[in-house]
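Open the model in your viewer and keep the selection tool at hand.

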Amino acid sequence: MIAAAPGRVIVATFSSLVSRIQQVIDSAVRHQRRVCIVGRSMTDTVHMAVELGYLSAPNGVLAHVDEVRGMPPNKVIYITTGSQGEPTSALVRIASKDHPQIHIIKGDTVVISASPIPVTKAGKQNRR
């Protein structure tokens with residue numbers, strides 16, 4: 001998906017899923033993209049995982065949002081929380097234009113990296 005995406009890629013996953021974060025970083029390296037980590041829990045987890053050696057990112061791959069602002073959209077990946085639609089997650093705030101720095105724009109590809117949770121007609125989660 002990252003190779004074929006015409007613009008920015010926004011990957012939503014669990015902040016605790018360090019192996020998936022590594023997969024996204026590895027793909028970013030393969031496709032010459034910079035990676036921005038978005039959301040407090042995601043940022044905290046990535047910083048700790050890099051510090052402890054659980055995540056590996058070549059110099060210059062991880063970037064702050066301000067660093068990628070002027071870059072071509074097809075050179076940027078955001079990794080964020082919100083794969084389960086949590087109301088205060090970064091992805092929900094990005095999608096609803098409530099995030100202070102990032103909004104969905106035409107050409108973005110959003111990847112939800114999570115298993116769906118079935119919901120009843122009343123809108124309640126059906127956890128089996």
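Select the whole chain and consider its contacts (heavy atoms within 4.5 Å): among those with a separation of 6 or more, 76% are between residues 24 or more positions apart. This is a predicted model, in which local features need pLDDT of at least 70 and side-chain atom pairs count only at pLDDT 80 or more, while totals for chains, interfaces and linings use all residues. Residues are numbered from 1 along each chain as its sequence is written, and side-chain values use heavy atoms, leaving out hydrogens and water.

Switch to a cartoon. There are 4 helices and 5 strands, in the order β-α-β-α-β-α-β-α-β from the N terminus. These are DSSP runs (H or I, at least four residues; E, at least two), numbered from the N terminus.

Next, select Val-9, Ile-21, Val-35, Ile-77 and Ile-79, the residues with the most contacts inside the largest nonpolar core, which has 18 residues. Such a core is a set of buried Ala, Val, Leu, Ile, Met, Phe, Trp, Tyr and Cys residues joined through side-chain atoms within 4.5 Å; buried means under 20% relative accessible area (1.4 Å probe, protein chains only). Colour E1 (9-12), H1 (18-30), E2 (34-38), H2 (40-52) and E4 (76-80): each gives two or more residues to this core. H1 supplies the largest share, 4 residues.

Now centre on Val-35. Beyond its neighbours within four places in sequence, Val-35 touches Ile-25, Ala-28, Val-61, Leu-62, Ala-63, Ile-77 and Ile-79. Finally, pick Ile-10, Ala-12, Ala-63 and Leu-91, which are among the 13 residues of a second, separate core.

Technical notes. Buried < 20%, exposed > 50% of the residue type's maximum accessible area, 1.4 Å probe, protein only.
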